[in-house]
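Colleague: I would like to go through this model with you. Please put it up, and I will ask as we go.

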Amino acid sequence: MFDGYTASELVSIFVMQGFAGLILFSVFLLMALGLAIIFGQMGVINMAHGEFMILGAYMTYLTSHVFKGAFPGIYGAYFLVAIVVAALAGAALGWLLEWALIRHLYHRPLDTLLATWGVSMILQQIYRSIFGAREVGVELPDWLMGAFHLSDTIELPVNGVFVFALTAAISTIILFMMFRSRWGLQVRAVVQNRPMAGAAGINGTRVDRMTFALGCGVASIAGAAFTMIGSTGPTAGQLYIVDTFLVVVFGGAQSLFGTIASAFSISQSQSSLEFFMSGSMAKVFTLLTVVGILLLRPQGLFVLKMRK
Amino acid sequence: MSNNDFVLSVEDLTVSFDGFRAVDGLSFYVDTNELRVVIGPNGAGKTTVLDLICGKTKATEGSIKFKGQELTRMSEHEIVRAGVGRKFQTPSIYEDLTVFENLEVSLPRGRSVLGALAFRRDAEVVERIESVAEDIFLADLLDERAAVLSHGQKQWLEIGMLLIQSPELLMLDEPVAGMSLSEREKTAELLNRITPGRSVIVIEHDMKFVKHIAHKVTVLHQGKILSEGSLDKVQNDPRVIEVYLGH
Amino acid sequence: MTIRYSAGSRLTKAWKRFLGAAVIGGAAFTPIPALAGPALPTSQVNTTGLAVTDDTVTVGIMHSVTGTMAISETGSVQAEKLAIDQINAMGGVLGRKIKFIQEDGASDWPTFAEKSKKLLEKDKVAAVFGCWTSASRKAVLPVFEKDNGLLYYPTFYEGLEESPNVYYTGQEATQQILAGIDWVVKEKGAKTFYLLGSDYIWPRTSNKIARKHIEKNGLKVVGEEYFPLGHTQFNSVINKIKLKKPDVIYAIIVGGSNVAFYKQLKAAGIDLNKQTLLTISVTEDEIRGIGGENIVGAYAAMKYFQSLDNPNNKAFVKAFKDKWGQDIVIGDVTQAAYLGAWLWKAAVEKAQSFDVDKVRAASTGIELTTAPEGYVRIHKNHHLWSKTRIGRARADGQYDVIYETKDLMEPDPFPKGYQ
Amino acid sequence: MTSHPHVLPGRLAYFTGSRSERGALLAFAVLILVLLPLGLDVFRLNIFGKYLTYAFVAVGLVLCWGLGGILSLGQGVFFGLGGYCMAMFLKLEASDPVSTAIQSTPGIPDFMDWNQLTALPWFWEPFHSLAFTLVAVIVVPTVFAFVLGSALFHRRVGGVYFAIITQAVASILSILIVGQQGLTGGLNGITDLRTLLGWDIRSDAAKYVLYYVNAFLLLAVILGGAYIRNCKLGRILVGIRDQEDRVRFTGYNVAAFKTFIFCVAAAFSAIGGAMFTLQVGFMSPTFVGIVPSIEMVVFCAVGGRLSLVGAAVGTLVVNFAKTTFSESFPELWLFAMGALFIGVVSAFPLGLAGLYERHLAPRLSRWRQGGSAAAVLSSTPGE
């Protein structure tokens, strides 16, 4: 398929293709981070994860409207505000959900999975009632449009770079919080040994609620970012769910680094496969490979060998 | 000394978790009719040794021979079928089943899928279960759900679930934890009663209890044997005193 | 319980405001004998036990109101209700007001089959306006054929079907495709094409027809790819497009994927003002989700655009907005759904009966001079003769109609040489 | 203990279980064999027949999830595979050269012709035979479950990991079926099925017959499930659910038992799928996807994950509610469904059957002043 192209054309294609893989990586990672925090630290599978993402997307949509009406002068800045609004909205709803439902189900992970599925149905219908069944278009500020021209033939989309930077920033913050902050220490303590952590004066209930809220907040940030590349509709969250879960499971539940590595490997293989075969088959191949590897390494790619 | 003279010979057993050697070049031997007690401070690797023998953890190096069979290469259920029974630290019984059913599930008949489908509760089964229940002081509670048993009774039930399989090697991880004094005495009596004809390994902290039952004591420290012999001998071993007191 | 309402009895203020428009829309229809004299007796117009009384006739509306397809099907429901309102305001059909029973297919094909059975067997509706996806139509088709029902199906689709019980008010594939490709070849001098689609029957069949037509003209298809429904990552294929540099990107991507595709295309620096892109799957409805700024410059080949400049359409758009809200948009399928009720009414009145067999016999050759798209006529193969137009997407989400075929395109659901 | 109260009269008793189970089963049999056919016209009866096909999946889930603790979010895969096997046979019968004469290649299914296939794909060939089809309906999904199950269970994949992997499998399979439309009918599925060996399955008489076949099969499956639950294997499964290590260190090959019950659940689902195809007249890839698979878990959860009859009743109740509710308040339906789900899972984990056992059954038995025999077989945990 590379016949009749000059070497420089090929180089630029490979650069752009590599970047496409990186964007996909950012997308996967951003989707998975929130889930990985919740699943890894609390053992809870949040089936409403996709709906939290869409919450972020709708918040972005609303923010853009508010700015259009109230502050047209600084409209370009709305996107940054929207990310914050999304994070707060997601975290607030997550906090509420943990309080109302999740905390009653901690010892029954499969039941949490099912109950959050119920939550996702309700959220979908709420979105439909409020925003209508149709997709809403979220207008991007001008500065996120267009592409960086690295050379005559190499162009990198600005919003792709932005997603990548955002993902890098969020991941760094989370890793920092997890491994350098007091909260992270508490979370890790609770994960390791809940009674002991309790004895040491750590309020496990509060830590759980914080963790869940954080995970949901990150999901909503992802949703806000995805308004740049995807659709915003009541059921759009469902599109991400399988990919997200696989990334987390593939990475190994208790390891954020695992999630990063897994997002990287899945995205790179999917993006290169997509280059050589049709989108549908590339997807099937990627999923099959992931499931196949999980059959061989069910604990995920990057779990430390531990004494049970 | 030949391995095959012992029921269980553990030689050069090593397991490491991420470089940490929880069990380090361990060798020991257990005879028939012997009740061995393993003691040692927390983190000495006691439970890990039992895990290794029953196949729950795979050894990094070394060999575990049981009646001449190499256990390190067998899967858990094969090890059990070879005659090794293991009680866990916290009683693991089926709380939703009755005592009778707990024992029935543990009966070595109908262990395959088809066998379990075809299994029938005949007079022989009932008789066997009732006799074991008698042994473990639960004969009157056969129809109770296991969840309602006291902690000590649960421990007994788990021991009974092993006994019903007539294992040749019985491994008990802290069998009297959470038991009252009288229960401890009954348990000691039970252990002494069942040891003949088989080998028993017990992990225990309660030295009074150990005194009642132990034939020979092995002291573990940092994955290695610190001392081995009669209880008196190890209690007077300066290295043992150092480890326990120096803590 | 089923929602039953007779639209005619719900004369809202908004409705009264656009009554005038509706009359303009309806007045141009062939004069209706039933309006002049007393209604024909029910025993005469209904010999097969349909739900027809002396003053009402019941029809069904069957679309997805819930589930993933609700996004697309809402417009059709609105159009069908509007048409029924307007017809009732003009006196109904054969002197009978139309009542409708609405059923939710819930984006689930077995539910469609179940609901269509209910409408035909329990409710005995005289006609059903409904379905959207091919899959839902395929699911209900055996039911309509067995119970001899009447379905007016609004969506442009892949063809390959000609049921005696269905009237296809949207375009079949060749109508949409051939004219569009001829146009880009002529106007843009296109020589190479890159075909894209969501992975199901309509895009695949349509691209097959497109490929045959392209190759017949001695031109070249340089790539053809399909993506699972709901796919949101198009960067790899966009790179391939950059590599192949086709003259035309021919895109039949649907649903949420559409949004992702056009946004990423734009972000990748492909300017649709320079790169020709022709689609047959993006109506004004879809642009609302995509955002006009992301698709500006793209060409679409369909039979209807909201911006069509004719009196019929102006009245239709006004009535539609008055009823359903001023910021609403109207796409190709919505207009086709609107035609259904009118076509049925015309056929019933020509047949002077609600009997399905008689309506069918009367249908061939029925024409609507008042259709928003201009003029349509029912072909004997149950599809519509209609013109195909090329629109160019504007940033405000509307299309500029820049071309229309001189003649009506003949529907050809089983195109010889394209299969 | 002089007498032997624990000896059972015979293995047959495993099929019926305790007195309350027997009562529930009898009541359910009367409901689906007598009351529904008498009370409903053929149209509604056909719809209930459709619901009953989902009950096969729910009953399978009771064994696999309720009893064994294995939550599969991919049961739709097996329902779909069973249904597709049946649909392939019916489609071939509907595609005889005479009725497909207008195609470029007469004698093959219409959707293949649209996709330029000129010959029947090899794996369709054996589906000309009804005998092969009936075997395949069971065997294909079961073998698939066996391969998946033995791989996963042998590697000790359980809990949410298993749930997510089965979900991914469902997603893969539905993309494949939709993508390979020349071979599978794609998104439209395999539609327009008419006759079974020349017998018109769309006629009213056929609908009655198929309904009864379906009902009897369901009762048979429930009885089979009851046997499994009440025999030793059932208790081993409960053991695996609650104390997997204990079972393993009692000498059982846990993976084999899990695989077995997963296969049984798959086979049950497959029968349901095949009956669905026969009664509804088509099969579509939508069943293979994630949402229906999870919905079927809801049916089971609402009815009671530990009760075979409960799960079947739950399926009927939820679907009936869905149909009526979605007709009158389509917008509220998702709220109701979601709330039902959350409520059942968090407040009534044993579902309708649990409510019955806890509140209704004691009163009934007090009223009857008896019921000592029931204790013998009350191996059902938590009731």
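Modeller: Two residues are in contact if their C-beta atoms, placed from the backbone, lie within 7 Å. This is a predicted model, where local features need pLDDT of at least 70, side-chain atom pairs count only at pLDDT 80 or more, and totals for chains, interfaces and linings use all residues. Residues are numbered from 1 along each chain as its sequence is written, while chains are lettered from A and ligands numbered from 1 in the order in which they are written.

Colleague: How many residues of domain 1 of chain C are in contact with domain 2 of chain C?

Modeller: The domain assignment of chain C gives domain 1 (4-171 + 309-385) and domain 2 (173-302 + 389-404); such bounds come from an automatic or database domain assignment. Their C-alpha centres lie 31 Å apart. Domain 2 of chain C brings 15 residues to the contact, and domain 1 of chain C brings 13.

Colleague: How does the side of domain 1 of chain C that touches domain 2 of chain C divide by class?

Modeller: Ala, Val, Leu, Ile, Met, Phe, Trp, Tyr, Cys and Pro count as nonpolar, Asp, Glu, Lys and Arg as charged, and the others, Gly among them, as polar. On that basis, this side of domain 1 of chain C has 6 nonpolar, 5 polar and 2 charged residues.

Colleague: Why is chain C called as compact as a globular protein of its length?

Modeller: Chain C has 15 helices and 16 strands; helices (H or I, at least four residues) and strands (E, at least two) are DSSP runs, numbered from the N terminus. The radius of gyration is taken over C-alpha atoms, and the globule rule is 2.2 Å times the number of residues to the power 0.38. For 419 residues that rule gives 22 Å, and chain C is close to it, so it counts as that compact, with a radius of gyration of 21 Å.

Colleague: What percentage of the residues in chain C is buried?

Modeller: A residue is buried if 20 or more other C-beta atoms lie within 10 Å of its own, exposed if 12 or fewer, and partly exposed in between; C-beta atoms are placed from the backbone. Of the 419 residues in chain C, the buried ones make up 64%.

Colleague: Where in chain C does pLDDT stay under 50?

Modeller: pLDDT is the predictor's confidence in each residue, from 0 to 100. Chain C averages 87, and 91% of the residues score at least 70. The stretch under 50, for which the model has 56 contacts beyond four places in sequence, is residues 1-37.

Colleague: Which element gives the most to the side of chain A that touches chain C?

Modeller: Here 35 residues of chain A are in contact with 34 residues of chain C. The chain A side divides into 16 nonpolar, 13 polar and 6 charged residues. With 6 residues, the element that gives the most is α1(A).

Colleague: And which element gives the most to the side of chain D that touches chain A?

Modeller: This contact takes 35 residues from chain D and 32 residues from chain A. The chain D side divides into 26 nonpolar, 6 polar and 3 charged residues. With 14 residues, the element that gives the most is α7(D).
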